[in-house]
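Here is a friendly walk through some strands, a sheet and a handful of charged pairs. Have the viewer open and follow along.

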Amino acid sequence: FFSVSLPDMAPPQGKTWDIEDINVKVPKDFKGAVETTSFFRKHKPLTPAHKKFYRRITRYIPSDRVYADELRTFAFSVDASVYRLTPQLVVRVENTQEVIECMREARECNVPITFRAAGTSLSGQAQSDSILILLRHSWKKTEINEDASVATFGPGVIAGHANRFLAPYGKKIGPDPSSISSCMMGGVASNNSSGMCCGTKQNTYNTLHSLRIVFCDGTVLDTADEASKAAFRQSHPTFLEGVSQLAKEVKGNTKLADRIRQKYALKNTTGYALNSLVDYEDPIDIVAHLMIGSEGTLGFLDEIRIYTCVDHPNKASVLVLFPDLYTAGLCTAALKKEPVYAVEIMDNVCVQSVADEPGMPAIAKTLQGDESALLVETRSGNPEDLKRQIVRLEEVIKEFETINDVEFSQDPVLCGQWWDIRKGLIPSVAAVRQSGSSVIIEDFVAPTAKLADMCADMRRIFLKYGWPANEVYILGHALEGNIHIIFAQPNLGSPENAKKFDDLMVDLCDSIVNKFDGSLKGEHGTGRNMAPFVELEWGKEALEVMKRIKNLFDPRGLLNPGVILNDSPKCHAENLKGCPLTSEIVDKCMECGFCESVCASLDVSLTPRQRITVQREISRLRETGENPKQLKTLETEFAYFGEETCAACSWCATVCPVKINTGKLTKNLRRQKAELAKPKGFSIAPKKSSIAMLAAKRFGALAFGAGHVLTAVSWVHYFLGHRLTYFLASTARKFLPLPAWLPTTPAPARSLRQKASTGKPKVVVFHPCGSRLMGGKSNFDKTRDDLTVVTERVLEKAGYEVVYPKGLDGMCCGLAFHSKGFFETNDWKTQQAIDGMYDASEGGKWPVLCDGSSCSHHFREAKNLRGLQVYEPYEFAKKYILDNVTIKPTTEKVSVHVTCSAHEMKLTGTVKEVMKRLAPNNVFPEHVYCCGWAGDRGFNYPELNKASLKYLKKGVDGCTKGYSNNQTCEVGLSFHSGIPYRSVLHLIDETCSAKEA
């Protein structure tokens, strides 16, 4: 390989290279665009009304954002609940006007619509068998006023991100659901979410400032804007008069008004927010608060403005184990009167499901009876006050029998572990259930003084219907008397199990209402799950008020029908979904959706949760043989949407509470495809004559040829410029199966020879094939030197001698084969490289620096690493370089990308530590996870790379350079940011010099 000197063809600072920069029209990169959006080719049959809606709505919304194909409509039938309704159409809206058009066309065609944000709801309120309106990344508006007392969020802002934005001001949002890292503000407001710490005082209803609402007729009302309110009063006088009259009647009914106030002293999300009718006088204020918890049945929440809450900096927590659940409940009642911020309860079945997690007391593993745990937190704005609170709380808790020592901790790591365990407890519990069973989660509330008795009665009822105590998990927000009961049922959709579920629910609801005067839903929303029991809890008079509310807002009943109010007394036991077995890798998934927010293919194809639900359906259809046509359609369309556009980066596993790795599932599916493609008679192990093994054995020659091709393309780029070269490459790709070419693709790196030994300590350097082929100079980044040269120079500055494995040009870590499903070929190629590094390191005597983090991670997962210590650049720099050189940090503002493999190896802290020493003025762009390049996916499916980096350009504003630790990732990062991304080894070379002797 040889390098070339290329002219400066870089775009202006901060500009993004993209198709839009090319003056000549070029074909779309999205291969599926034509096939999947042509109404008359791939779409499933629609009703006449929905077909009419499709034709009308595609006049306003591009057809590639209106899904009607078999696969994607089924994929969007999944949410975190136990229900399944498959939509006729899925429409991805990106602005308010598109929502208005959907509202208007729904009325014109008389078809129901349902809005969905993250789809993490548990009661079936985000599902539709008509039209599902989907929010994605365009709905992330965030504004914070000067004193951070009020924050404005779009409905697509993830709640956890909202807290990150508020953290610099010492503030947070009130609600803190366990799904906070995934759920979106639209769902938080629509469900009146609360959570572990906020109780009723800081829930969405009580922290609401104002809303921007789109009503069913397309009218927009901003309840904080005087002009908007005046216009609305003029255009909708009858509606507002109806709201005022209803509130007047309720206030005049003393018995009902008192009952409403009593009910909302507890957490309650059953039915509509009737407290708005007694809490407010102005009909617009009433309307705004009725929208909270309305679950999309009254209108669309376009903007949510909330009063922020103080995030006290001084915190302390304790995890206490009690001999039984009843004692834990009594202790909670005592703590209710004390300065506590949160009290979470977990029975022993829950404790055992997480007993091995970091932070859990060692004794937890030994518990075998009715023992239970309380996780208690106290907070204060003053350290001294916190100390006094800790002393008092320890005194109260010690009045009860405990199993472990009662000692509060202020260690943020330990406390963080405890709260992470609690936040992920529902999916963690679901993971220990029998494979193939559905997870059911109920959400009940009783006065805290009755908590212990309520838990005992719940267990009695479950035992009556055949669920023993060790199969029923009780946890929840004990301080508010709010418990969640988790249980599993195999084959939930069968008639006999649906009947069993129905009978169970009737008994549970009767107990909560008639024995404990509690709430049937504390925070999960009514949905379909509790709709038949609204009258049981509230009575006929209050139910009629709710029906009048619905009729005022949505007289034709087109907004999320069947949710909150439902005429079917059995709707809670209808449309139940099963969990067919498909693969041991994912069979424990409960489809919670925690994985979706970090998925690279979120806006391109399917998410991890959707890949799993489609694979489950494919497996079911294969087993039953009931619909061969549908099976064939799902299998065919899954090839692109499920397999080919999966980055297989495993980022989903890092946020999944039970570490389900959908990337591993994808690789297994690719392996099956690779094996099925072989001629009959071949064994599972690849033959030497197989294409994969042949490529592995001739890898050096293939890499040599590829290097010359890339060099030739660089020369073409040099002479023709980026626009014409891009156009020619894109046009050629339209007719030929060629990889995409980007103007940020560097030339091959210079191949270096082994130098004579100097007697200094040695470092074995393994340059991955990506670095060798694309580690040279670039039109985009003219000052960049070859990565091979830079690496050698850095090590020499630190006082090391560089050693290369013999035959490096023909080596590969094997990941290129593994990611495509050629596992055996991968094993052979990986071991070849390990053996070469082992020999070069003199039997493991010297450390190995691999400049690609994905390859480093792949080596560490090898079957036989032979004791080698393989490092990626950041950890190697921290351990072997930075203390051995003189550092002059750069003052430039730079961007940093943490690759998937670095994240999976838990190196984010190391990356931040190294960058702080080399470039203190650094940023880690928000909402950038996997870059979507995924080895060679960026070349073959550039839409994946583009979608995953949609926020990058905004995140690098003001930066001059970016740094990472994977050469192929840096190609796409440079392209979509407009600034050159390099290996961190370049930064070390620029900021470090050899120490003087």
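Two strands count as paired if DSSP finds at least two bridges between them. With that in mind, let us look at this model, which is predicted.

**Strands E15 and E17**

Strand E15 covers residues 437-445 and is joined by 9 bridges to strand E17 (residues 482-490), the two running antiparallel. In this pairing, Ser-437 sits opposite Pro-490 of E17.

**The four-stranded sheet**

Elsewhere, 4 strands form an open sheet in the order E1-E2-E4-E3, with mixed pairing. Strands E1 (66-67) and E3 stand at its edges with a single partner strand each, so one side of each has no neighbour in the sheet. The partner of E3 (residues 113-116) is reached through 4 bridges to E4 (residues 131-135), and these two strands run parallel. Thr-114 faces Leu-132 of E4 across this pairing. Along E3, the side chains of Ile-113 and Phe-115 point one way while Thr-114 and Arg-116 point the other way, and all are buried. Helix H2 (residues 48-57) lies across E1, E2 (89-93) and E4, at about 25° to E2.

**Charged pairs**

Side chains of opposite charge can pair when their charged atoms come close. How many salt bridges does a search of the whole structure find? The search finds 70, and the table shows some of them.

| Pair | Closest N to O distance |
|---|---|
| Arg-59 and Glu-105 | 3.7 Å |
| Asp-554 and Lys-550 | 2.8 Å |

Take the salt bridge of Arg-59 and Glu-105. Arg-59 is in the loop between H2 and E1, whereas Glu-105 belongs to helix H4 (residues 96-109), so the pair ties together parts 46 residues apart in sequence. Arg-59 counts as exposed because its relative accessibility is 53%, and Glu-105, at 4%, counts as buried.

In the salt bridge of Asp-554 and Lys-550, both residues are buried.

At 47% relative accessibility Lys-755 counts as partly exposed, while Glu-792 counts as buried at 9%. There is also one network, in which salt bridges with shared partners join Arg-750, Lys-777, Asp-785, Asp-786, Arg-793, Lys-797 and Asp-989.

Notes. Residues numbered from 1 in each chain as written. Predicted model: local features only at pLDDT ≥ 70, side-chain atom pairs only at ≥ 80, totals over all residues. Heavy atoms only, no water. Buried < 20%, exposed > 50% of the residue type's maximum accessible area, 1.4 Å probe, protein only. Contact = heavy atoms within 4.5 Å. Axes fitted to C-alpha atoms, helices over the stretch in contact; angles between N-to-C directions. Salt bridge = Lys/Arg side-chain N within 4 Å of Asp/Glu carboxyl O.
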